[in-house]
Amino acid sequence: MMRKLIKKSFVLIVLVVLTQVNSFSQTKNSNFKQAFQNPAKQYYPTPFWHINGEMTDAEIVRQMTDANEKAKFNGAAILPVGGTKPDFLSEDFFARYTTILETAKKLQDNIILYDDTGFPSGTAGGEMEKLYPQHLWKSVEKREIIPIRKGIFKVFIPKDNLLAIVAMNEKTLERTNLKEFINSDNNILSWNVPDMDWKILVFTCDIANYYKKDYPVDYLDTLAIEKFMTLTYDKYAEKFKSYFGNTIKLVFFDDVGFLRIERTWTRGFNEKFKAIYGIDPDIYYPALWYNIGTETEAARVALFNTRAELMAEGYPKMVSKWTKKYNMKSTGHPPENYGIQPVDVSGDIFKFYRYTDLPLADLIIKYGRGRDGYKLISSASDYYDRPITATEIYGALKEDIFDTAMLYRALMEIQARGVNYVIPHGMWYNPKQVGIPPLVSPYSEKLAPALPAYSDYVARSCYLLQGGRRVSDIGLIYPIESLEAFYYFDAPKNFGIARFVYPEADYLKIGDILTNEIRRDFTFIHPEFLASDKYLVQKNKIHLNNTENYQDYNLIILPGGKVISVKALEKIKQFYDNGGKVIATSLLPSISSEFGQNDKVLKIIAEIFGADATSTPILKTNKMGGKALFLKDPTTEKLSASIDLLTPNADVVFDKNALTTSELGKFSYLHKVHNGKDIYFFANSSDNKIDTEVMLRGKMKLEAMDPHSGTASQLRKVSYIKQNGETYTKCKLTLKAVSAVFWVNAK
């Protein structure tokens, strides 16, 4: 008997360890179908729990038990908000937090540590502003001085927060760095004004003075962030270190970024710029507001890229460093993380997620909002070889139109774009006073009956979607350099957050056509990363050289944009010379993101697309089979025909019956490979029934796995055909409205 008990205990320990080490390790087991039908707790949704009332031990236990048993939620992300009692970070608050953790431990739930109160993160509930006002959020300010006469001009220039002082000729755009003309003893600038066409521009870095009541920390300054973390993160560590890595496995930061369209900056900016580019930035500061001539685009790219690097190396990295110390992981997001213009919110969405363990897409405010940008976040996960991409989902979707179908509708669409961990928004401690709808809780009369089945769907689908590699034949260049080159501060037409772009900025439109109309999956590729050794040209493909989530692209799409780095363009040219296929849309690059290399860009573009491609587009070919085409007007029809012409053997092919006419929802798919299994996810978020023929590249023996019911069945009437020299598996797909299914190759 004792030997049997020891053996049983050993098996349980091994299973626990395997689950902790590899969230998708069940696919290696013979219990694959059983694990799909009854997934492990870690795959279930973990909602926000807004603490908008007076916490008591009894009420904490009651609500957490109800969430566990009646909604099948896996714990909660604890979000203190206005109205949280006891007061945030007080001893009584931590006492109630202990009750939360102990209750979660008994229920075998997880708790996500939300790192502040409200949002954005970085205020410490107002304590940051009280204790460390010098370390708050900062902005770059410009002051213009117009000399009244030629000759010697003198003015006092405070140096404490001075970034640059530049004289600029308004007619010729000539610029002169005036720092050397400042007397270090008395801070008096003395300069001989040549004529009246010159003005003096003074750039300083000041504490921000915008709309917020409580200002957040300077996200770009690691010293400032360290001060903030002593007020929040370290206090949690003092109290709850024993729960880290078991009950608390994940830390969440919220809306860390540039918040609106402010001129967010930091006092260490010049030092970072010089470390990256080897020169001082002073002479380029006017480009933040003005056209400075032929160097305008390269100057803006350099300045905004430096700010993006500071953001990446700032708050997200500091959080990741702290969580690793305590055997946890980090997640979170900047504002508008799927917006078409990242410069004024995240800097660069790929770089923002450089250190974040679970890149996160924030699906909020309105159903369908940002849909065309969700793939930016999962593409960052692809590049960094991260197995999990999270979503904070449903926040501020209108309660009166939010129904059971919307629980699935919104989720399926973001899952088809690479998301596989779900944080619903959310539960409220006082469910009668919901500050941000909808209420996704066992206390929602409308949704409560549907939540257990919904949670099962989330768990089953996330079980199959986490880990592995995504099959993507198309690489769509992320035109960050063109976006940076276009952007400038205080632009008269900049009316919206993350919306100020040049007319030909079509990269999200192209991605949306690929996903929703043509149904050819793709991955966004950062041009700076493309130029690195992480991407290898192998024969007529570009290989993303990851350990697990490697990808091979046989088509590169260069979306509309005027500016690109020479190094990235040279990699695309190498790909084309080796037989690769390239499509450019709307606007061909003509300017280098590096200083003084415009001629190289023009030369390479002509070699790929032809010297007269802009005026007379042609299908350009080479002796290795490379093909290139410029589409000035990339409609769905033209793009579809061009892709079929250049790369006819799609990974997944649908017939015309896959089209939807519903005002709500889309039909889309995802193909992953994990532990030797091909896993296809088909999601119909529309109100139409889908009844279509599907062809899958390769010879497959398929099983249908239903995430709604947990059932699995062999697909019938499977046939195999040859098309363009490729073997395809053909089968009928039927999906009712707002439903999804997995097809798994059972080889």
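**A proline and its surroundings**

Modeller: Pro-617 is partly exposed, with a relative accessible area of 38% (buried is under 20%, exposed over 50%, partly exposed in between, with a 1.4 Å probe and protein chains only). Before going on, please keep in mind that this is a predicted model, in which local features need pLDDT of at least 70, side-chain atom pairs count only at pLDDT 80 or more, and totals for chains, interfaces and linings use all residues. Residues are numbered from 1 along each chain as its sequence is written, and side-chain values use heavy atoms, with hydrogens and water left out.

To find Pro-617, go to the loop that runs between helix H19 (598-609) and strand E27 (620-621) (helices, H or I and at least four residues, and strands, E and at least two, are DSSP runs numbered from the N terminus). If neighbours within four places in sequence are set aside, Pro-617 is in contact with Asp-612 and Phe-630 (heavy atoms within 4.5 Å). Leu-631 is 14 residues from Pro-617 in sequence, and their C-alpha atoms are 7.3 Å apart in space.

Lys-85 is joined to Pro-86 by a cis bond, with omega about -5°. Pro-86 belongs to the loop between strand E2 (76-80) and helix H4 (91-107). The cis bond between Phe-119 and Pro-120 has an omega of about 10°, and Pro-120 sits in the loop that links strand E3 (111-114) to helix H5 (127-131). As background, most peptide bonds are trans, and most residues other than glycine have a negative phi.

Gln-108, in the loop between H4 and E3, is not a glycine, but its phi is positive, near 60°. The residue is exposed, with a relative accessible area of 63%. Tyr-394 is not a glycine either, and its phi is also positive, at about 90°. You will find Tyr-394 in strand E14, which covers residues 390-395. Here the setting is buried, with a relative accessible area of 0%.

Our last stop is a pair of helices. H13 (residues 404-415) packs with H14 (residues 451-465) at an angle of about 5°, and their axes are 12 Å apart (axes are lines fitted to C-alpha atoms, for helices over the stretch in contact, and angles run from 0 to 180 degrees between N-to-C directions). On the H13 side, the contact is made by Leu-407, Tyr-408, Leu-411, Met-412 and Gln-415. H14 brings Leu-451, Ala-453, Tyr-454, Tyr-457, Val-458, Ser-461, Cys-462 and Leu-465 to the contact.
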